[in-house]
Structures are given as structure tokens and as C-alpha cells.
Amino acid sequence: MSPTPSFPGLFDPLSLRGLELSHRGWVAAMCQYSADADAAPGVPHDWHLMHLGSFAAGGAALIITEATAVSPEGRISPQDTGIYTPEHTEAWRRITDFVHRYGTAGAKIGVQLAHAGRKASTYAPFAEGRGSVAPSDGGWPTVGPTNDAFGRYAAPRALDEAGIRQVISDFAQAAQRSVDAGFDTIEIHAAHGYLLHQFLTPLVNTRTDGWGGSEEARNRLTLEVVDAVRAVIPDSMPLLLRISATDWMDGGLDEHTSARLAAAAYARGVDLVDVSTGGAVPDARIPVAPGYQTGFAEHIRTQTGVPTAAVGLISTAAEAEEVLRTGRADAVLIARAALRDPHWWMHAAEELDAKLPWAPQYERARPA
């Protein structure tokens, strides 16, 4: 039996600062590993236009780009996108204009700003190689909170004070470029074992200076990035933060440390926390199943009052509606289900008897 509706549902609108979203079903960031590594490193092209634009035509209210690096060395792979030169800004502007023009549900688009840290310079999943790409093959030296490697990846260089300050500056400059590129919102990527998460978790960050040694010090880099980004974007633009709410390992991050981080970030200008999990260490045992991360979004939301988005194998309209109607999150992010069906939202609206515009070119296919 369906739960008694007491909270907004999937196709109810949501406002974040000055951004009006037509509904609460969004596209999660999904790496495409498709940028040209040689001719135009990090520059999105027609594949990205098609990939992201198809979701806009399919009825998504908000589309988050793949992890987009704030510096060349911040890319996960040589084929990842970035936003650290005017060429990147111009290429992204073409995509944001397309989404705004053709989005059937008033689609908005956000950029996920990221730095991969010790998990950078790796082969794309569908490449022939595995692990770290050597500099001689187009890779680069990586950085992290310490010089400890992730599994069998190449060992990083521990960032010094100047290096940390440069990372903060890189995020701020990328945020300014994102505004110029026409993005509607920015999401800071502090999850999945990438650089900010590496500093957040005691499983990786064993520093004893001002950037480690206590929970407050481990949180410092992420919160200073929040401050730096918030300072250069319009007050009307919402700022999102993706976190891994648990490391799925004893001694790592859990729902309590993550709730404290969410509250601190919210106080500094983050408007919504996108709650994922895992990625910091290679040997964590993650109980993957439909909706397996939703409880962490619920915990943060109920304990702190911070708006959250749930993500992780939410595949059907009924699953998304249940998460929202029971107050477990304020929005849901659709990932693999959107890859399978870029018109997921059109079908979900039909299933939930909600009104969602269709592109006029597709109207003749609407169910009677």
C-alpha cells in the first residue's frame, strides 16, 4: 500500500535560492570518459551535447554534468572534461544554451566541479589499460593529502600548504568560469574517494597539521572550497555539495560525521547536499541494492534540517515517489535508469498521472 502523501512528490516544484525547478527528478553526474585527450584535453564536444541534451528533451528538471575538473591534473582520466580555460567555458556554453532552449520541463543544468586527487590520471573504464596512466602515455603525477596510493594506483605527492591553496583557488576560478558558461547551479564533488573526500576521511587523511588530525581539520579543505566558490558566484545561484556519507569501513566517515559536515556546509552557503557513499578505499564492502544510500540522505535531512538529494539505484517512478512522499529526501537523482531511457521523466509522469510537457516533435507518441 502506498504511503499517505505528506511531503511533496516527484513532480512537485522545488526552489533553491533563485533557481526554480519544475520537479524533483534530476540527472546525477555520470562520467562519460569521452573528451579528446590529445587535440582538446578536457573540452566537451558533440557527444556531451547529445548526452546531456537528450535528458533535457526527455523531461529532466535539473541535469548535473559529469565530474568536471578544476585543473588539468584534477581529471580522473585523460578523457574527462574540465573547465579551466576559456576554450572549456566556450564549449560548455554551447551545451548550456542547448539545454535551456530545448528542455521540455524548463530544464536547468549544473556543473559538478571536481578534483580527483590520488585517483586521477587513470585509464577510462572501456580503455585497454587499467590503473594509472603513466606520464609517458599521456598521464601525469597525482596529488593527495599524503603520499599513500589508492590500491595499485601510482603514489601521489602529498600537497603542501601552497598546493592546497592552489586547489582552493582552482575551484574558485572554475566556479567563475561556470557562471560565465551559463550553468544554473554548481555542485562541489566531495565524494567517491576524490581529493576533497580524501581530506575528509580519516582512512586516507593521516596528516597532523592544520589540514588533518581532527575532524574539524579534515573538514577544513572542503569548507574552504565552499567559501571560495560561494564568494564568486551570484547570491541567487544555489550551491550543491556531493558527499560520501559513509566509507563503509570501521574508523571511516559515517552518518554522524557526515551530518556534522552537512550542517557546517549549509551554514556557509551550501543549499542542498547530494548524498552518496563510498569510494575512499578499494577494499570497502558496499551492500549495493536499490535505494541503498537513501537512509543516509534521510538521516542528514532529519538530524540537521539541511535539504538533501537521494541517489543510488533509484530506477522506477514508484521508488522515486516513495522516497519523496515519505520525506526521506527533497529530490532524487536518476543515473543508470536515465542512461537506459533518456525520456525516463516522460514515462514516470504518465505512470504517476502527472502533467509533464512533451517536445512537440514527440507529441504524436504520447500515450492516449
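Student: What makes E11 and strand E12 (residues 331-334) a pair, and in which sense do they run?

Tutor: Two strands pair if DSSP finds at least two bridges between them; E11 and E12 have 3 bridges, in the parallel sense, so they count as paired. Within this pairing Ala 310 stands opposite Val 332 of E12. Strands here are DSSP runs (E, at least two residues; helices are H or I, at least four), numbered from the N terminus. The model is a predicted one, in which local features need pLDDT of at least 70 and side-chain atom pairs pLDDT 80 or more, while totals for chains, interfaces and linings use all residues. Residues are numbered from 1 along each chain as its sequence is written, and side-chain values use heavy atoms, without hydrogens and water.

Student: Why is the unit of E11, helix H8 (residues 317-325) and E12 called right-handed?

Tutor: With the strands pointing away from the viewer, the path from the first strand over the helix to the second runs clockwise in a right-handed crossover, and the β-α-β unit of E11, H8 and E12 is of this hand. E10, helix H7 (residues 294-304) and E11 also make a right-handed β-α-β unit.
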